[in-house]
Amino acid sequence: MRLMRPPSRLSLLYALFLALCLRLPLTIVARRHIPGFITFHHSSKQAFCLLNARRRAAVTESDERDGSRIPQHLVQSLDLAPVIRSLSNHAGTRRGREAILGLIGEEQIAARPPALVPESDMSSKRRRVTNRESQSEIIRETELSIARESLAPIASSAEECRNEYELVEQAMLALQGSNGLTIPPLYGATSSPWDTDTKVDTDHDEWLKLPFKDWTLENVLQAEQIIKTLVAVYEWGNQSDTLTWTPGLSELARTISEVEFRPILDEIQDAVEIATKPSSVKSQPLVYKFQLRIERFPVLTILREKEQMLQDTIEKELKSILRKLKGSSEMLEYEGRMTIYITESQAKAVPGVTRGTTVNGKGCYVEPRSIVKWGDELVAVRNELNAIESDIERGLMDAIFQGASSIDRGIHTVARLDVIFGKGAFGQVLNGSVPKIQYTGRIHVQDFIHPVLLLQRSRSVQEPVPFDLLLSHETGSQALIISGPNGG
């Protein structure tokens, strides 16, 4: 690795934001009295040394404006890509993973995951058009707040660097389980920051970007699970051990608007369930459908029982009629009414109302006169059910809509914690420790090993050889060439 002297006004910025992006076992010390140099001081067994690099090209306009992406020439010259990719594997949220990969320009635009229920199976009431304004203003407000606080921030000062390292140090303490500490409940039951095999591709929050009219019961269920996670993370931040030993992480978790989420959760909790039924498609044995949980709404229970009673009565009567008929005939539902499907020649044998005919005109759907009254009642009950279900769905979605901005910010906070814990876990994998940031004018790393070589150790023929690195104005050393097994 060759150390070169960059312009002084950029050296601190580059080194600090690289350190803050990675939170690896690294210390960056701003060096004010030697222009153009940054001092590193570290006492860990293995450390990642991001030393001075010449400014090869002007920072692109997008880098200056965005402030969350490492200039490409630094990514290449410092071999950051494999390190960042390995770090992203420790993320447990899509937002966190995308933020980390975004540092090297490898973030991806997450597509909306496919719904369990095909679009054609969704009832028309779920596609209702309302007079409510689009939620673009809510999302725009949230995006502005997110822009002011990046998930993987690049430090612009030594103080910011210290603050960020303090959070990572607290995360490492929690990861060790010291003093009864636990990690935040933002991971799955079988997952953790140590799980690097699972690549998260959704936070189940894509619906926040959809127009309100396109929300479905699936999104209500997703919102319920998200809010439960947010409340759990808030409660984790309020635990006495978390408050005592990891105050910075506790403060971050307690920014979640738990007071605002409680009423929403009370409104939507256990309101939606997933029902399954056999599918006619061999490749998909089951069809999933999101529906209101009738036990949660007594009026639906009453109407469903009435619907079932009428349906049973009608089916009993139709079976009785079918037993008296000769030839091919069967009981079918046609346009919401129970009928008997018979041939045209049989129609005279079943007095009633013809509700429809087949395309070729050889068959017809007859509703026997004896069940017409019950059929009318069944249609009325179902219409009432649809109207009430539509009102309930609208109420559930209205409750979520009112808190959409806070939900989005809460997910952002959870992703921020995820990034911090991911960096802490990755640092521990490399046997790293939190660095010290000083103004002593030195770069000091004991037992230095390049992290890329550490990551490739299993495929490497030669074992990396650690060494003590020291650059200081006191010794007059301003450049260093590293070669051999530790030089990559």
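Colleague: Start with the open sheet of 4 strands. What is its strand order?
Modeller: This is a predicted model. In it, the order of the open sheet is S6-S7-S9-S8, and the pairing is antiparallel.

Colleague: Which are the edge strands?
Modeller: Strand S6 (330-334) and strand S8 (352-357). Each of them pairs on one side only.

Colleague: How many degrees are neighbouring strands turned against each other on average?
Modeller: The average is 40 degrees, with direction ignored.

Colleague: And S7 with S9, how many bridges there?
Modeller: There are 4 bridges between strand S7 (residues 337-343) and strand S9 (residues 363-368), in the antiparallel sense. Tyr341 has Tyr365 in S9 as its bridge partner.

Colleague: What holds strands together in general, by the way?
Modeller: Backbone hydrogen bonds pair the strands of a sheet, either parallel or antiparallel.

Colleague: Back to this sheet. Which strands does helix H12 touch?
Modeller: Helix H12 (residues 298-324) packs on the sheet and touches S6, S7 and S9. The direction of H12 makes about 15 degrees with that of S7.

Colleague: And which strands does helix H13 touch?
Modeller: Helix H13 (residues 372-402) also packs on the sheet. H13 touches S6, S7, S8 and S9. Its direction makes about 135 degrees with that of S7.

Colleague: New topic: H7. How far apart are its end C-alpha atoms?
Modeller: They are 25 Å apart. Helix H7 (residues 158-175) has 18 residues, so at 1.5 Å a residue it should span 26 Å, and the two values agree.

Colleague: Which residues of H7 are buried?
Modeller: Among them are Ala158, Cys161, Glu164, Tyr165 and Leu167. Further along, Met172, Ala174 and Leu175 are buried too.

Colleague: What comes just after H7?
Modeller: Gly177, with a positive phi of about 75 degrees.

Colleague: Now Lys277. Buried or exposed?
Modeller: Lys277 is exposed, because its relative accessible area is 51% and the cut-off for exposed is over 50%. Lys277 lies in strand S4 (residues 272-278).

Colleague: Which residues is Lys277 in contact with, leaving aside neighbours within four places in sequence?
Modeller: Pro285, Leu286 and Val287. Tyr288 is 11 residues from Lys277 in sequence, and their C-alpha atoms are 6.9 Å apart.

Colleague: Last one, the whole protein. How many helices and strands?
Modeller: The protein has 15 helices and 11 strands. Of its 488 residues, 48% are buried.

Notes:
Residues are numbered from 1 along each chain as its sequence is written. This is a predicted model: local features need pLDDT of at least 70, side-chain atom pairs count only at pLDDT 80 or more; totals for chains, interfaces and linings use all residues. Side-chain values use heavy atoms; hydrogens and water are left out. Helices (H or I, at least four residues) and strands (E, at least two) are DSSP runs, numbered from the N terminus. The expected span of a helix is 1.5 Å times one less than its number of residues. Buried means under 20% relative accessible area, exposed over 50%, partly exposed in between (1.4 Å probe, protein chains only). Two strands pair if DSSP finds at least two bridges between them. Axes are lines fitted to C-alpha atoms, for helices over the stretch in contact, and angles run from 0 to 180 degrees between N-to-C directions. Contact means heavy atoms within 4.5 Å.
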